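Q: I'm new to this one and would like a close look at a single part. Could you walk me through the aromatic rings and where they sit?

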Amino acid sequence: MGPLISCDDLLVTPSLQPPTEPTENHGHNGHPHASPGQCAGHPSGHSDGHPAGHSPAPPSGHSHGHGHGHSHGPAAPVSKHLRKVIAAVLIPFAAAVFIGMVVLWPGGAPAHERTGVGFDRQTQQGVVAALEQVDCKSVNASQVPATGTPSTPEGRGAQAAQTGECKKATVEITTGPDKGRTFVEIVQPGAPRQLEDGQEVVVAYAPDAPRDLQYSVIDVNRKLPMALLAGIFAVAVVLVGRMRGLFALIALVVSFGVLTLFILPAILQGSNPLVVAVVGASAIMLIALYMCHGLTARTSVAVLGTLVSLLLIGLLGAVFIDWAFLSGNTDDNTGLIHGLYPDIDMSGLLLAGVIIGSLGVLDDVTVTQTSAVWELHQADPSMGPRALYRAAIRIGRDHIASVVNTLVLAYAGAALPLLLLFSIANSSMGSVANSELVAVEIVRTLVGSIGLVASVPVTTALAALVVSADRPGSQAAGPAAAPAPAGPVRSGRGRRRKR
């Protein structure tokens, strides 16, 4: 992969192709062949006007200086004409994405009155200042059900709590207007979240409740371990990936910035979720791919393949979400969103999630396939587009199998508690798949997988056509082409002629 910006291209820059055979001495002093770090077609310490790696013409042949820009040394795999074609497609697309972001830019999430339900609660930070053991019965931490029978799980838990010891935690507020205020939190022995002395916690604030009940512990503070894990991740990426890893981290930050500053607020402002997702995902794709893999023709082909696959995913998702009557309102969180912002199209929000969720895996597939085609071409420049496609698609088939399996397992892992509930209820596979909770994940998985499968042949075909088109050997042909110069001459297929 070349650098981010090449010597003579502002949009797409092909990778330089190393010589396929050892270079013979031309018999001319001061005319070294272009090294891989130089750009084809640019002089490197020459005073006679000949490009690096191009032998001057013999006196008895044609003595005029060559005006064409290519050389017979390391050659670009795509011509300037083809790079202009790629630019003609990508520049309007990038401009449309930029204009779409400007038009849809929300300027922040809309304000609303807090409901105090779920995530829509006011929160502050706190710390457990003191912790003591108390008798659960003395603090009325639990009550036996009115039936007085331990036949239910609630009754058994309540009876066990009455005979056990509870924790009485004194929590101090460390942020907000009530900083320094304390309140008491009772923790039962069977509670899933146990508190420890000195532990940092997250507390919810209910201003309309009685003073003694305004604050309650809702979670623990996990900022330190999460920040440490993120730091370890960043160091590992930079140590292994070096500059490429650093650019990947920057692209990751930019992607989260687009998601939190544009996509989410724009949806909350009432914009169409599908349009917002398409514009936002396209912006993430352009920034991430070009920042991580360089401003090259190879990356541009990967962008085109990703774009075609995203359009297919959007079309299939829209058809099957509407056909299956998926509302997108499947749990407490989506219900809360619909209650706070009733104008949001929840089915459109579901489709937006499908598109954004598929983007990350699509980038991996398209970049891998494009790189495979480029490497195959460099290994054997004589391969035509058909041979390149057949060789690269064999790599793609292995990639399809692993990626689809990964995608299905990722969704299954996220929905594992839900699947356990269905298993406990002894529900049949048909009834499980028919429920909207599971049908949403099935549609999400299958639509994304179809897009991934389609991206392999589409990207491979585009890369094979681009890397095989307009070879340097064909550019030198024609009536205006000069006779062959003396010395070894490298053709588009790697052959050479001797004097």
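A: Let's start in helix 5 (residues 297-323): Phe 320 and Trp 323 are three residues apart there, so about one helical turn separates them. Keep in mind that this is a predicted model. Phe 320 has a relative accessible area of 37%, between the 20% and 50% cut-offs, so it counts as partly exposed. Trp 323 comes out at 61%, which is over 50%, so this one is exposed.

Now for the pairs. There are four aromatic pairs in the count. Take Phe 183 and Tyr 215: their ring centres are 6.0 Å apart and the planes meet at 20°, which is under the 30 degrees cut-off, so the pair is stacked. This pair bridges distant parts of the chain, with Phe 183 in strand 3 (residues 182-187) and Tyr 215 in strand 5 (residues 215-220), 32 residues apart. Both Phe 183 and Tyr 215 are buried.

What about the strands around them? Five strands make an open sheet, ordered 3-2-1-4-5, with antiparallel pairing. Strand 3 and strand 5 are the edges, each pairing on one side only. On average, neighbouring strands in this sheet are turned by 45° against each other, ignoring direction. Strand 3 pairs with strand 2 (residues 165-173) in the antiparallel sense, over six bridges. Along the way, Lys 167 sits opposite Val 187 of strand 3.

How values were computed
Residues are numbered from 1 along each chain as its sequence is written. This is a predicted model: local features need pLDDT of at least 70, side-chain atom pairs count only at pLDDT 80 or more; totals for chains, interfaces and linings use all residues. Side-chain values use heavy atoms; hydrogens and water are left out. Rings of Phe, Tyr and Trp (its six-membered ring) pair if their centres lie within 6.5 Å; planes under 30 degrees apart count as stacked, over 60 as edge-to-face and the rest as tilted. Helices (H or I, at least four residues) and strands (E, at least two) are DSSP runs, numbered from the N terminus. Buried means under 20% relative accessible area, exposed over 50%, partly exposed in between (1.4 Å probe, protein chains only). Two strands pair if DSSP finds at least two bridges between them. Axes are lines fitted to C-alpha atoms, for helices over the stretch in contact, and angles run from 0 to 180 degrees between N-to-C directions.
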